[in-house]
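Thanks, everyone. I'll go through side-chain contacts and then a couple of backbone points. Please have the structure open.

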Amino acid sequence: MKAYYHLPGLFEFYELYKEFLPLYRKHREYFYDWCDIGSIYGAPADCVWGGGRVGFGEHDSKEVLKLMQEYGISARLTFSNSLLTREHLPDKKCNELCRIFDIGRDNERSRGFGNGIIIYSDLLLDYIKENYPGFYFVSSTTKVLTDFGEFENELNREDFRYVVPDFRLNKSFEKLKALSQHQKDKVEFLCNECCWFGCTDRKKCYETVSYKNLGEDCPEHYCATPDAGQGYLFSKAMENPGFIGVDDIKNTYLPMGFSNFKIEGRGLGSAMILEFLLYYMTKPQYQIHVREHIYLDNMLDLF
């Protein structure tokens with residue numbers, strides 16, 4: 001089996017991917033042959049249907065789609081706002097995004113997989129299915145599915161091609177092994193979460209982001225995680241009990257029948273995303289080649 005990575009920053013890190021993807025195609029020998037890019041996900045700034053993170057990407061949607069089609073990569077719109085009502089459904093910007101990215105699976109440039117929507121709201125799910133039928137759907141990790149039974153119920157929903165469980169289910173190996181292969185094919189593990197494993201406020205944190213994307217006033221959520229002031233550190237994420245590293249993917253998850261892995265990072269900088277691309281996809285002896293190619297591009301601001 002092959003591992004498929006679902007990478008962050010469709011709009012946020014367009015310039016980075018514009019440099020990385022040609023290198024990935026031209027020098028495939030730099031990268032592990034057991035993995036590939038399954039999709040790139042994100043949402044632009046001022047996107048009321050957005051969730052998970054407050055989007056800051058400003059790049060033109062049609063240019064983003066053109067880049068993804070050029071390299072045969074599925075584009076996923078992150079519409080995981082948990083607080084949507086019917087009054088939000090006619091939003092002009094979000095509907096225009098759907099119109100642009102709704103290319104269908106039969107489009108020759110979609111390579112047979114089309115584009116996706118990462119979603120929380122069933123109300124929005126029904127609306128998009130009715131009005132933009134070419135998308136597939138991903139059940140968002142913002143649902144915080146920490147109960148394995150609820151997670152399995154989500155896997156059994158025909159609406160979703162993929163389901164992202166809470167990262168605290170990542171090591172529930174006995175229960176994961178017992179899933180059918182059809183269910184395993186739908187599991188998309190969140191690999192590099194830095195959040196405290198014992199956090200009980202994760203859903204509240206996501207709700208605060210949803211309020212902000214709607215432009216509504218809400219009390220600020222202050223993270224109670226130990227060392228929260230440090231922000232995201234990849235080294236800290238690697239120490240998380242739910243962390244899934246390269247060796248875990250190769251030696252545990254692929255042999256168990258799982259093949260989809262999500263890398264978080266939309267709210268981080270390009271330099272950190274590059275580190276994820278190096279760690280998860282690039283052979284150690286070629287990491288310097290990739291790093292030099294990206295760093296020496298004077299047009300790309302990594303910091």
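Start with Glu-96, which counts as partly exposed at 33% relative accessibility. This is a predicted model, so that value, like the others today, is computed from it. Which residue does Glu-96 meet in a salt bridge? The partner is Arg-99, with N to O at 2.6 Å. Arg-99 is partly exposed as well, with a relative accessible area of 46%.

Another of them joins the side chains of Asp-122 and Arg-157, at 3.1 Å from N to O. Here Asp-122 is in helix H4, residues 122-131, while Arg-157 is in the loop between H5 and strand S6 (162-163), so the pair ties together parts that are 35 residues apart in sequence. Asp-122 is partly exposed at 38%, and Arg-157 is partly exposed at 23%.

Arg-157 also forms a salt bridge with Asp-159, where the closest N and O atoms are 3.1 Å apart. Asp-159 has a relative accessible area of 26%, partly exposed again. These three residues belong to a network of salt bridges that also links Lys-129, Lys-143 and Glu-154.

Now the rings. How many aromatic pairs does the structure hold? There are 23. One is Tyr-24 with Phe-31, edge-to-face, 4.9 Å centre to centre and with 65° between the planes. Both partners are buried: Tyr-24 has a relative accessible area of 8%, and Phe-31 is at 1%. Elsewhere, ring pairs link Tyr-5, Phe-234, Phe-243, Phe-276, Tyr-279 and Tyr-280 into a cluster.

Two charged side chains sit over rings. Arg-161 lies over the face of Tyr-136, 3.9 Å from the ring centre. The charged end of Lys-262 is over the ring of Tyr-41, at 4.6 Å from its centre.

Last, the backbone. Most residues other than glycine have a negative phi. Asp-46 has a positive one, near 60°, and its place is the loop between strand S2 (35-42) and helix H2 (61-70). Val-144 also has a positive phi, about 55°, although it is not a glycine. Val-144 is in the loop between strand S5 (136-139) and helix H5 (148-155).

Are these two residues buried or exposed? Asp-46 is exposed, with a relative accessible area of 67%, whereas Val-144 is buried at 15%.

That is the end of my part.

Conventions
Residues numbered from 1 in each chain as written. Predicted model: local features only at pLDDT ≥ 70, side-chain atom pairs only at ≥ 80, totals over all residues. Heavy atoms only, no water. Phe/Tyr/Trp six-rings, centres within 6.5 Å; stacked < 30°, edge-to-face > 60°. Buried < 20%, exposed > 50% of the residue type's maximum accessible area, 1.4 Å probe, protein only. Lys NZ or Arg CZ within 6 Å of the ring centre and 35° of its normal. Helix = DSSP H or I, 4+ residues; strand = E, 2+ residues; numbered from the N terminus. Salt bridge = Lys/Arg side-chain N within 4 Å of Asp/Glu carboxyl O.
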